[in-house]
Every structure is written in C-alpha cells, then in structure tokens.
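Work through the exercises below with the sequence and the model in view. Each task is followed by a solution in steps.

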Amino acid sequence: MTNNTVELIGHYGSDEVHACSAWTSTSREITDEKRNRIPKLLTFLAEAGHHTPFEKSSLHFLVDCDIASHIHLLKHRIGVSVNAESARYKELKEDKFFVPDDWNEYWQDKLAYYTQQGNELYHQCVGELTDILGRKRAKESARFFKTYNSKITADVMFNWRSFYHFQGLRNKPDAQKEIREIAQKMLDLVKDIRVLKYVHKDGVNHPVRYSPFEHTIEAFGL
C-alpha cells in the first residue's frame, strides 16, 4: 500500500519561448527592452484567451497512481501524451495499490484485504489459464481481478496550454481527491523548476538559478 507519486522527468520551454512564439508575426528578435515586456505580454495573452503560444513548451511527468486516477488523466487528450504500464503485455508483479487516507481504519483494512485477495486471484488465474488459453489471453483477462485502486505507472506529457486546462479541471475543490492531489503535486514541481543562467556584471559571469515559467504561472494565476 503506497501513496500516489509524481516525478517531473523533463521540461522544455520558458516564458521567453512563449513570448517569442507570440512575437513571430512581428519580430522574434529579443532585446532587453522586449525582455522586460514579457511579464505584461504573457498576462495579456492569458487573460485574452490567446493561448496558442503556450503550446510551445512541454512538461513531462512520471506518475505512479491508482487506475481510477489514470482514467482521469486519459480524458485529457488535446496536447497531452499518456503511455502507461499495461497488464496486457506483462504480468503485474508488484501488486501496488492505493488506499484513501481519509477513510477510517476499519474501511482501510477492508479495502486492503479485498485488494490483496484480488491480487492473489489475479496471479493464480494467470498461472492456471496460461496452459488453457495461452499466456497472452491469460494475462489480459486475469486483469478483471485487479481493482480500481491498483496502481500503475504512467508517462504523461503536457504542453503548457493543456497543463493549464488540466489544472483548471482537476486541481479544484470539486475534483476527485486523488486526481486533485496529483494535479497539485505536478504544479508544485513545475513551480520548483530552476535552471542555470549566467548574468554578466562587472566583467564577470555570475551563475543565477531562476524559474523559467515564473511569469507564465503568474499570468494564469496558478
């Protein structure tokens, strides 16, 4: 029994990438004066609904979550790429599962026991049906013993526009608790991104770490 987890495994883009995309119709050349205008520009684009420039960045996560939450992720298909661990192609050996932390101990124990029984039957079914149906059909059909709280690993990538849409639907009080917590973990990881750049001052290049999406986050009010 483990909690759902989220890992940020990669990202591309920045506030400047979004701004340059918006400036393509005029001039993409970046000057210090234009760079100072980026926060205001991004806020204007976000508030006016001109979100196409925000499709030019990407956020890449590895999510270990219950199947019910995975289904929520699958519903986001525009600008989102999802590839998940499949019990059709392999027998799930780890038997990972999730138990809600807001349940009382009695019902947590009941669900844990029920899930463990299903996992035992799953492996037994795979073993005994392999000689009858073949390994492939035995694996894919034995999945019926797996419960909605069984955990799988999913590879999820958003562009920024789709990430904002995901946050708007899933990181809200009326969203299911589990997917809301996943969305919040993703947002926290994005806010914590720091990249290294060098600022030339007094004849010396000084290393500085900064948030590449700081102004985009502010523009969307996240």
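**Exercise 1. Cysteines**

Decide whether Cys65 is buried or exposed, and state how many disulfides the structure holds.

Solution. Step 1: Buried means under 20% relative accessible area, exposed over 50%, and partly exposed in between (1.4 Å probe, protein chains only). Step 2: Cys65 has 0% relative accessibility, so Cys65 counts as buried. Step 3: Cys20, with a relative accessible area of 9%, is buried. Step 4: A disulfide is a pair of cysteine sulfur atoms within 2.5 Å; a search of the whole structure finds zero.

A note on the values: this is a predicted model, in which local features need pLDDT of at least 70, side-chain atom pairs count only at pLDDT 80 or more, and totals for chains, interfaces and linings use all residues. Residues are numbered from 1 along each chain as its sequence is written, and side-chain values use heavy atoms, with hydrogens and water left out.

**Exercise 2. An aromatic pair**

Classify the ring pair formed by Phe61 and Phe158.

Solution. Step 1: Rings of Phe, Tyr and Trp (its six-membered ring) pair if their centres lie within 6.5 Å; planes under 30 degrees apart count as stacked, over 60 as edge-to-face and the rest as tilted. Step 2: The structure holds nine such pairs. Step 3: The ring centres of Phe61 and Phe158 are 6.1 Å apart and the planes stand at 75°, so this pair is edge-to-face. Step 4: Phe61 belongs to strand E2 (residues 58-66) and Phe158 to strand E4 (residues 151-159), so the pair ties together parts 97 residues apart in sequence. Helices (H or I, at least four residues) and strands (E, at least two) are DSSP runs, numbered from the N terminus. Step 5: Phe61 and Phe158 are both buried. Step 6: Ring pairs join Phe61 and Phe158 with Trp160, Phe163, Phe166 and Phe213 in a cluster.

**Exercise 3. The largest core**

Which residues have the most contacts inside the largest nonpolar core?

Solution. Step 1: A nonpolar core is a set of buried Ala, Val, Leu, Ile, Met, Phe, Trp, Tyr and Cys residues joined through side-chain atoms within 4.5 Å. Step 2: The largest one has 34 residues, and Phe61, Val63, Trp160, Phe163, Met186 and Val190 have the most contacts inside it. Step 3: Elements giving two or more residues to this core include E2, E4, helix H7 (160-170) and helix H8 (177-191). Step 4: H8 supplies the largest share, six residues. Step 5: Another core, of seven residues, lies apart from it; Ala87, Leu92, Tyr122 and Ile152 are among them.

**Exercise 4. A buried lysine**

Find where Lys146 lies and what its side chain meets.

Solution. Step 1: Lys146 is in the loop between helix H6 (135-142) and E4. Step 2: Its relative accessibility is 13%, so Lys146 counts as buried. Step 3: The Lys146 side chain makes a polar contact with that of Asn119, at 2.8 Å. A polar contact is a pair of N or O atoms within 3.5 Å; within protein, one must be able to donate a hydrogen and the other to accept it, and residues adjacent in sequence count only if both atoms are side-chain atoms. Step 4: Lys146 also lies over the face of Tyr122, at 4.7 Å from the ring centre. The rule is that NZ of Lys or CZ of Arg is within 6 Å of the ring centre and within 35 degrees of the ring normal.
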